[in-house]
Amino acid sequence: LAENVVVHAYVLFQRFAKIFIGCLAAVTSGMMYALYLSAYHERKFWFSNRQELEREITFQGDSAIYYSYYKDMLKAPSFERGVYELTHNNKTVSLKTINAVQQMSLYPELIASVLYQATGSNEIIEPVYFYIGIVFGLQGIYVTALFVTSWLMSGTWLAGMLTVAWFIINRVDTTRIEYSIPLRENWALPYFACQIAALTGYLKSNLNTYGERFCYLLMSASTYTFMMMWEYSHYLLFLQAISLFLLDIFSLKQNDKVYEVYKIYIFSLFLGYLLQFENPALLVSPLLSLVAALMLAKCLQLNVKKGSFVAKIIKVINFYLVCTLTITLNIIMKMFVPHKENGHMLKFLEVKFGLNMTKNFTMNWLLCQESLQAPSQDFFLRLTQSSLLPFYILVLIICFLSMLQVIFRRINGKSLKETVTLEDGRIGERPEIIYHVIHTILLGSLAMVIEGLKYIWIPYVCMLAAFGVCSPELWMTLFKWLRLRTVHPILLALILSMAVPTIIGLSLWKEFFPRLMTELMELQEFYDPDTVELMTWIKRQAPVAAVFAGSPQLMGAIKLCTGWMVTSLPLYNDDDLLKRNENIYQIYSKRSAEDIYKILTSYKANYLIVEDAICNEVGTMRGCRVKDLLDIANGHMVCEEGDKLTYSKYGRFCHEVKINYSPYVNYFTRVYWNRSYFVYKINTVISFQS
């Protein structure tokens, strides 16, 4: 009896030590990554030695807009007043009142501003450092969640360490945090990673009641938070719901758990709808239609004996019924719920897949964006050089084939074991593995079409590849197929599951660690004096009530750095703003001075800013320069054979206005210029010169 007690105590101590070391490694990895990002950001922009204006210029495009509203919240006399001004905002875009919180998903900025003031940080730290510090902290949580997911799947925290190593080495393809800190995805994806970690634990067969309850609560909280942080989150959850639906079809054991997850989706959508100002996008979301269809279809499977022939037939009918019901419910919801769907995105997908052709400026401009192109060869080369892609493909193939093997066994009516041991070599029978295989294939398929989606897919590629090479079960599955007899397969699987990741880790350390250290040592000076001079001139010389017109990216910077009103914003989820952007971009087309004047005055613009970089752009991708896209849209350039060419008797406006001759000088008066920008005052009283 005494010996049994000692053995039991030793096993408990061993298990506790393993969990403690793993948790310590996970938390340390997250903290080290957050500190690394902070140090790299400081060295890249020389941030602490910059003036406030120079720091703000580092926020480009839509990132500038998000941060500007954080500043507005801090300036507001109270939180309630600040929220009211954002929800009834008429000080950003001329002639337009917007609900900025709903339209731009500003919940991160609201939370950050509350925390900044409630914690008394205004006496300790500058607002910009507090803001970027939160985002870097979330990236640390992101890495920790990936670590934990890989650990849960493989059973060893060594997999978590390898996940983190691959994630950081492939940083160019795993995150956009270096270039655009305030992006919604940088706030949202850490919560999605937490949700996936909780879901992975929840789906495990050998989980105890307390562990299951904890995973369920964490999954509920992270799902809702993720949905609040990013307007496109419900589309990602839709892909996850499809993965769980297919898991439900392939795995008979997890029915109840999968439907509990569906309930979380319903609750999150309902609560999100109420707290996002009754956002109709959540009601017409494909996620809601799919979950509702799954709940309805479940009624057909009741009282049918599992494993019977009738049950198999109902599985097939169920699949067809769910697909049909989802489409039908989504159409009905769109008929009865008034919504402003992103119609331009549907048109974009049509053109992207060659189903339609268009000369529309906005569509072609979106198609030219690098993030919306198919992945380049460099992308695959980078992943191969870091050894990530080869191991991911190996792990995916083994898991996928094992999953198919299990499915065919079930179709043939073969009995399955209640508990799968290491000797069985059936990694594809574990429900969490089936889910991850389906999910990664769905995400990967989309990333092969639109490169911007790699930032969602590649982190899970890191996690899945690391889990596989560290999992004795995966090696055992491979050896079962190879019918290995010369060496004891279990012993060899255990050795390889430790040796392979160790060799990979050492090779990555030798090749990439010096590069990471070099990045931290180099001081990259951020120097943009022309933009600084422009912003300084606006703050000193322009009237407070002035409205500026120019490219959307520059308008975002003006809104942040000066607070002056603008005619357009770099946002692409609103049809009116897209139309404004297209109209303002006409300053780079071959249109008359009178046409441009009418466009600008229709938006009550007082000043026009012409950017030399756009006017004299030399694009690498053929036909993707702004002026070329405008010429195609206006019929001033032949795009394809058979197109009609409309001759323009006017020169390119951005060139002609610089020469200062009639009629341009009648409408526009140059008031400031430097090497990059030309600012023109739009005349209110036209004085025609001979």
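View 1. Cys-368 is buried, at a relative accessible area of 17% (buried means under 20% relative accessible area, exposed over 50%, partly exposed in between, with a 1.4 Å probe and protein chains only). Cys-624 is also buried, at 18%. This is a predicted model, in which local features need pLDDT of at least 70 and side-chain atom pairs count only at pLDDT 80 or more, while totals for chains, interfaces and linings use all residues. Residues are numbered from 1 along each chain as its sequence is written, and side-chain values use heavy atoms, with hydrogens and water left out. The sulfur atoms of Cys-368 and Cys-624 are 2.0 Å apart and form a disulfide (a pair of cysteine sulfur atoms within 2.5 Å). The torsion about this S-S bond is about -80°, so the disulfide is left-handed.

**View 2. The disulfide between Cys-615 and Cys-654.** Here too the sulfur atoms of Cys-615 and Cys-654 are 2.0 Å apart. With a torsion of about 85° about the S-S bond, the disulfide of Cys-615 and Cys-654 is right-handed. Cys-615 lies in helix H29 and Cys-654 in helix H31 (residues 653-659), so the pair ties together parts that are 39 residues apart in sequence (helices are DSSP runs of H or I with at least four residues, numbered from the N terminus). Both cysteines, Cys-615 and Cys-654, are buried.

**View 3. Helix H3, residues 62-75**. Eleven of the 14 residues of H3 are buried, so the helix is largely enclosed by the rest of the structure. Among the buried residues are Ile-65, Tyr-66, Tyr-67 and Leu-74.

Terms used: Helices (H or I, at least four residues) and strands (E, at least two) are DSSP runs, numbered from the N terminus. The expected span of a helix is 1.5 Å times one less than its number of residues.
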